[in-house]
There are 2 protein chains.
Amino acid sequence: MSTPQAAPRTIVIGGVAAGMSAATRLRRLDEDREIVVLERGEHVSFANCGLPYHVGGVIEDREALLLQTPASLGARFRLDVRTGHDVVAIDRDARTVTARLRSGEEVELGYDSLVIATGASPIRPALPGAERAHVLRDVADVDRIVAAVAAGPRTAAIVGAGFIGVELAENLALRGLDVTVVELADQVLPPLDVEMAALVRARLEENGVTVRTGAAATSVTETTLVLDDGSSVPADLLVMAVGVSPESRLARAAGLETGERGAVVVDEQQRTSDPAIFAVGDVAVKRDAIGGGDAFVPLAQTANRHGRLVADAITGRPVRSQPVLGTAIVGVFGLTAASTGWSERRARAAGRDVRVIHTHPSDHAGYYPGARPMALKLVVDAATDEILGAQGVGEAGVDKRIDIVATAIRGGLHASDLADLELAYAPQFGSAKDPVNMLGMIAENLASGLTRSVQWHELDAALAAGATLVDVRTPAEHERESIPGAVNIPLDELRERHGEIGEGPVVVHCAVGQRGHSAARLLAQLGHDDVRNLDGGVRTWSTATR
Amino acid sequence: MSTPQAAPRTIVIGGVAAGMSAATRLRRLDEDREIVVLERGEHVSFANCGLPYHVGGVIEDREALLLQTPASLGARFRLDVRTGHDVVAIDRDARTVTARLRSGEEVELGYDSLVIATGASPIRPALPGAERAHVLRDVADVDRIVAAVAAGPRTAAIVGAGFIGVELAENLALRGLDVTVVELADQVLPPLDVEMAALVRARLEENGVTVRTGAAATSVTETTLVLDDGSSVPADLLVMAVGVSPESRLARAAGLETGERGAVVVDEQQRTSDPAIFAVGDVAVKRDAIGGGDAFVPLAQTANRHGRLVADAITGRPVRSQPVLGTAIVGVFGLTAASTGWSERRARAAGRDVRVIHTHPSDHAGYYPGARPMALKLVVDAATDEILGAQGVGEAGVDKRIDIVATAIRGGLHASDLADLELAYAPQFGSAKDPVNMLGMIAENLASGLTRSVQWHELDAALAAGATLVDVRTPAEHERESIPGAVNIPLDELRERHGEIGEGPVVVHCAVGQRGHSAARLLAQLGHDDVRNLDGGVRTWSTATR
Ligand SMILES: Cc1cc2nc3c(=O)[nH]c(=O)nc-3n(C[C@H](O)[C@H](O)[C@H](O)COP(=O)(O)OP(=O)(O)OC[C@H]3O[C@@H](n4cnc5c(N)ncnc54)[C@H](O)[C@@H]3O)c2cc1C
Ligand SMILES: Cc1cc2nc3c(=O)[nH]c(=O)nc-3n(C[C@H](O)[C@H](O)[C@H](O)COP(=O)(O)OP(=O)(O)OC[C@H]3O[C@@H](n4cnc5c(N)ncnc54)[C@H](O)[C@@H]3O)c2cc1C
Ligand SMILES: CC(C)(COP(=O)(O)OP(=O)(O)OC[C@H]1O[C@@H](n2cnc3c(N)ncnc32)[C@H](O)[C@@H]1OP(=O)(O)O)[C@@H](O)C(=O)NCCC(=O)NCCS
Ligand SMILES: CC(C)(COP(=O)(O)OP(=O)(O)OC[C@H]1O[C@@H](n2cnc3c(N)ncnc32)[C@H](O)[C@@H]1OP(=O)(O)O)[C@@H](O)C(=O)NCCC(=O)NCCS
Ligand SMILES: [Ca+2]
Ligand SMILES: [Ca+2]
């Protein structure tokens with residue numbers, strides 16, 4: 001028989017970040033293939049990450065969120081994009097999928113290769129009364145929230161102080177609502193360490209948002225959210241933002257292997273346990289770049305990059321998806337908080353021996369107007385000097401520093417190597433020793449044993465063990481805020497007055513750690529043989545212990 | 001005899017970026033050493049890089065430029081800092097230096113180790129009448145320029161459109177002067193390629209600065225600067241900013257080896273040909289990170305980093321100075337221009353077979369308000385996919401992207417690897433596929449042979465050789481500005497209409513290269529076997545050919 005061979009057909013389930021990136025790239029790689037995108041919702045290619053800003057009116061125009069339409073994708077890429085198609089089953093033997101239309105009608109479609117890009121769904125805690133709670137994942141959700149805001153609620157409660165919860169808090173506050181954020185953990189933004197997250201919490205509170213951490217929601221009334229301590233939070237409007245779980249039911253029902261948090265297990269070509277089926281984006285398991293283990297990292301850049309990559313894999317191009325750092329960022333009332341890699345908490349939980357560095361540099365040279373402080377943190381493997389992660393919180397330049405560290409990790413640079421990065425310097429953009437260079441210098445001083453530091457959470461133990469705490473700031477600074485028990489000997493007098501410090505271990509501190517470093521070096525050379533510098537100075541200590 | 005051994009003495013010549021960084025670090029490493037800093041001028045530790053902004057009043061307070069004083073450095077670091085000490089001779093056999101004081105008196109001082117950190121001096125072209133021209137290197141210079149501006153000149157001419165010339169042009173314009181910049185090269189900012197520099201030139205001109213490129217100054221009258229074409233430029237105030245040369249006379253007179261542009265030759269520990277003498281900062285030869293050869297790179301970050309490093313070397317710590325990329329940045333009337341590594345021109349001059357990529361991304365997602373376009377360029381070794389350099393010009397986010405690429409180069413990442421960097425994404429900070437990721441994707445498409453591109457400067461030759469030029473933008477875009485000879489077939493109609501394109505080679509183009517990429521892939525698959533995409537689209541082409 002010699003009937004002409006039909007073009008192979010790839011079906012993509014889910015038409016947003018990962019799915020549509022796969023489909024468009026696939027078309028560029030293969031003009032002949034039949035490419036069908038099945039999307040359950042009304043919209044494809046929309047800007048999920050912009051949704052919170054439409055709630056607040058920052059992105060006024062709803063249309064701005066709709067980056068492509070089935071028609072535009074059809075015209076440009078000859079994609080057969082079908083919205084309102086809810087895929088309800090995959091038959092792996094027959095290589096077909098079944099989609100249910102709005103009408104209830106079902107259609108069956110055969111595939112040669114299948115891409116599952118179904119994303120993740122918001123977790124809805126099953127609290128009594130919580131049916132009225134909103135979630136935010138797609139355009140329909142945002143339409144509902146916008147309509148609810150238009151109805152004129154006075155108060156809003158958000159359950160969950162992760163990235164989306166915090167963005168929503170800002171945007172609902174912008175709409176004039178009285179906002180409370182309720183979080184089970186002891187801090188906002190759980191991917192950050194507590195002392196970094198504390199800066200974000202403060203910023204929320206300064207802007208009128210009430211933050212309730214360490215609090216569990218237990219039930220919902222018509223106008224409130226009830227917490228486990230019996231108190232209740234005003235909640236004319238209620239949004240659940242407690243995280244997402246992979247939308248992997250379909251895959252599981254088809255017998256595909258799932259793993260981390262129920263996400264679909266894939267190899268480096270995003271291939272599932274069925275070689276004709278790929279999974280990509282939030283629904284797929286990632287490999288963790290730091291620990292090498294499995295990870296669930298539901299972020300748009302990875303969904304887009306892996307989406308593009310799966311098209312290459314399907315067409316046989318030699319690609320391998322990179323492990324992920326989970327680099328993430330959020331803006332909150334003018335403050336930026338970002339992180340890459342592991343937090344200190346996570347590294348310690350994994351049993352790593354870590355070196356931790358806190359600094360408080362300015363985004364650019366202090367002598368040029370407009371310099372603004374940030375808090376930076378670097379987590380380093382003490383055994384190898386490997387960079388495990390970084391976090392930054394500040395008003396300017398945080399995104400740049402975190403991206404530099406993320407790139408350094410990807411390039412296999414060690415913490416000490418950061419000292420030597422040659423970054424673009426003019427006074428309005430950075431410092432001759434950039435904040436990232438400073439992290440590297442401090443890391444190198446610790447790695448080589450030139451200096452030793454003590455973390456804010458280790459200070460009490462050090463003092464209990466008999467260390468003398470010396471504040472090397474000026475008397476005026478010491479007066480303003482000081483750590484209980486500290487004696488004040490300004491750095492510039494330390495050479496002459498170090499005799500006032502008795503025998504035994506010494507902890508020095510200053511405002512941010514920099515003068516403390518010079519003080520520690522001085523005392524060590526003057527014969528004090530157990531000297532440590534309080535990492536991050538009073539600034540880290542007081543944020544962390546406030 | 002058993003007299004107590006005197007502490008070793010290190011003398012540092014030059015007390016600013018490199019010299020003072022060496023001295024302070026040296027003190028932290030060695031409390032016992034005698035450290036003497038000899039500085040010819042009145043000031044140490046001043047912010048050279050801020051000087052132009054004091055001229056313009058952006059940095060109003062002159063004191064802000066003086067970061068440290070001999071007294072503050074004495075109190076904190078026990079440095080013996082002596083200003084007004086012009087070192088006039090080094091006696092290597094005796095290990096002494098001779099310094100001339102203001103009084104004319106000379107003092108001789110012995111050293112165990114010597115650090116030459118004398119920087120570089122502005123080149124003063126020997127034009128007739130040019131004695132009245134200013135230069136800008138130190139605080140005395142800026143005082144003179146500020147006084148001259150206060151005297152009320154109407155016009156200013158700046159010779160040299162390098163980084164300092166451009167900064168001065170902006171700052172003198174801010175003072176209300178009518179400013180002309182005269183540059184010998186055919187472009188401003190010679191470290192950039194011409195089509196990138198053209199954007200900076202346009203910004204200068206939009207702000208009332210007259211730019212005369214390809215013009216040599218030949219003489220100076222009382223109120224003008226005369227050029228080689230016989231024309232003259234109004235110049236009540238005249239500043240020479242044609243570059244610097246290493247201040248290496250002293251080293252040369254002492255018989256130390258000099259090299260590239262007369263800078264002092266050093267090894268990886270910044271040691272000169274005399275093992276007791278180190279040289280660091282602008283005065284020292286650097287190693288070029290791309291080509292491996294010698295380089296003269298007079299920049300503050302390197303001066304500071306190598307200054308710190310030389311202290312380590314002196315005290316026997318195991319350090320090696322990194323080769324330099326020459327990463328540099330400048331702000332001009334709200335525009336940022338930055339570069340790292342080699343330009344296309346330099347790479348071609350070095351005989352490298354290069355792949356060049358131009359893009360015009362936004363600094364952040366287009367759907368979030370305030371996104372601003374930038375031009376990015378990546379220069380790649382065609383044989384190895386090695387990143388040779390990058391350039392960026394735009395209003396926001398340029399510093400970040402150049403720093404990311406500089407870090408990637410340092411980490412040994414290849415151009416294609418940029419596609420996979422995991423950078424912090426939220427819509428106000430970047431895009432799900434960040435501009436740097438896009439550079440990597442395009443690089444990978446070129447490296448794998450998936451697409452081919454043609455540069456703006458290769459287009460004429462391609463058309464002369466018979467290529468059909470197809471503009472795949474919309475008719476409205478084509479109407480507004482188009483490349484002579486282009487036929488317009490919008491991308492979304494190309495599948496149906498590609499028959500209108502005859503046999504033979506095809507060049508497609510769009511606005512920036514992105515639609516052109518999809519068009520090129522489409523035509524290639526539809527049977528056109530010689531298709532290229534105009535790199536950077538009309539935007540690069542028209543900036544470059546304007
Ligand atoms: C409010 C919000 C803010 C965010 N902010 C950021 C941010 O700032 N930065 C960042 O990196 N990430 C952010 N994210 C996360 C980011 O949007 C996701 O990581 C990304 O969209 C995942 O892409 P995906 O294609 O895997 O899944 P999605 O984008 O969720 O797309 C999956 C699609 O599949 C469809 N689908 C699911 N099941 C079926 C089925 N059975 N049949 C047919 N269709 C189906 C869904 O309807 C959905 O449209 C944010 C997410 C939200 C919700
Ligand atoms: C206007 C201007 C703007 C700049 N902007 C930038 C920028 O934005 N980014 C950037 O990276 N770089 C910039 N630079 C360059 C940067 O300032 C230099 O690279 C850096 O200062 C070099 O440091 P150095 O210690 O080697 O030399 P210098 O800082 O020049 O210090 C050398 C010192 O040695 C002294 N000296 C010389 N000879 C003797 C002697 N015989 N005896 C005693 N003392 C002596 C000099 O008086 C001088 O004070 C700028 C420079 C200028 C002038
Ligand atoms: C937009 C979308 C449809 C993908 O379309 P796409 O055409 O594949 O991707 P982009 O528009 O990002 O363009 C990238 C392509 O243009 C190319 N390109 C970009 N600039 C270029 C230039 N100047 N010259 C040449 N090529 C260029 C890239 O190389 C890439 O092509 P490749 O994949 O073949 O290498 C898909 O990502 C999507 O639906 N996004 C919206 C949803 C979303 O991402 N949500 C989460 C974040 S809010
Ligand atoms: C300022 C100057 C005197 C150097 O002083 P310095 O004390 O060596 O350097 P800095 O103030 O930059 O501080 C860096 C030191 O503090 C340490 N440090 C910074 N932040 C720290 C923190 N939070 N915790 C611990 N240590 C910290 C660094 O590790 C470094 O110490 P190290 O060299 O022993 O590793 C010298 O660079 C100078 O004169 N600069 C002005 C001139 C100039 O640079 N001009 C050109 C640019 S405009
Ligand atoms: Ca069409
Ligand atoms: Ca003292």
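Start by selecting ligand 3 and its shell. Helix H1 (17-29) and helix H8 (300-314) of chain A each give at least two residues to that shell, and so do strand E22 (354-359), helix H11 (435-447) and helix H15 (514-525) of chain B. Helices (H or I, at least four residues) and strands (E, at least two) are DSSP runs, numbered from the N terminus.

This is a predicted model, in which local features need pLDDT of at least 70, side-chain atom pairs count only at pLDDT 80 or more, and totals for chains, interfaces and linings use all residues. Residues are numbered from 1 along each chain as its sequence is written, chains are lettered from A and ligands numbered from 1 in the order in which they are written, and side-chain values use heavy atoms, with hydrogens and water left out.

**Stop 1: ligand 3**

Stay on ligand 3. H1(A) gives the most to its shell, with six residues. Around ligand 3 there are 31 residues, and A:Thr24, A:Arg28, A:Ser45, B:Gln514 and B:His517 come nearest. Being near means having a heavy atom within 4 Å of the molecule or strand. The site is shared between chains, because residues from chains A and B surround ligand 3.

Now show the polar contacts, pairs of N or O atoms within 3.5 Å. Pick A:Thr24: a polar side-chain atom there lies 2.5 Å from an oxygen atom of ligand 3. Switch to chain B. An N or O atom in the side chain of B:His517 is 2.7 Å from an oxygen atom of ligand 3. For B:Lys433, the distance from a side-chain N or O atom to an oxygen atom of ligand 3 is 3.1 Å. Taken alone, ligand 3 exposes 950 Å², and the protein buries 90% of that. Such accessible areas come from the Shrake-Rupley method with a 1.4 Å probe; for residues, only the protein chains shown count as cover.

Colour the shell by class. Around ligand 3 you will find 15 nonpolar, twelve polar and four charged residues. Here Ala, Val, Leu, Ile, Met, Phe, Trp, Tyr, Cys and Pro count as nonpolar, Asp, Glu, Lys and Arg as charged, and the others, Gly among them, as polar.

**Stop 2: ligand 1**

Zoom in on A:Asn48. An N or O atom of its side chain is 3.1 Å from an oxygen atom of ligand 1. A polar backbone atom of A:Ala17 is 3.4 Å from an oxygen atom of ligand 1. A backbone N or O atom of A:Pro298 also lies 3.4 Å from an oxygen atom of ligand 1. On its own, ligand 1 has 990 Å² of accessible area, and the protein covers 94% of it.

**Stop 3: ligand 2**

Move to ligand 2, which lies between chains A and B. Among the 32 residues around ligand 2, A:Tyr425, B:Ala18, B:Glu39, B:Arg137 and B:Asp282 come nearest. Select B:Arg137: a side-chain N or O atom is 2.6 Å from an oxygen atom of ligand 2. At B:Ala300, a backbone N or O atom lies 2.9 Å from an oxygen atom of ligand 2. Ligand 2 taken alone exposes 990 Å², and the protein buries 94% of that.

**Stop 4: the calcium ion**

Select ligand 5, the calcium ion. It is coordinated by B:Asp492 (O), B:Glu496 (OE) and B:Glu496 (OE), at 2.9 to 3.0 Å. Donors are N, O and S atoms within 2.8 Å of the metal (3.2 Å for Na, K and Ca); water is not among the atoms, so sites may look incomplete. B:Asp492 and B:Glu496 both lie in helix H14 (residues 491-497) of chain B, four residues apart, about one turn of the helix.

Are these residues buried or exposed? B:Asp492 counts as partly exposed, at 31% relative accessibility. B:Glu496 is exposed, with a relative accessible area of 61%. Buried means under 20%, exposed over 50%, and partly exposed in between (1.4 Å probe, protein chains only).

**Stop 5: an annotated span**

Key. Polar contact = N/O pair within 3.5 Å; in protein donor to acceptor, adjacent residues only side chain to side chain.
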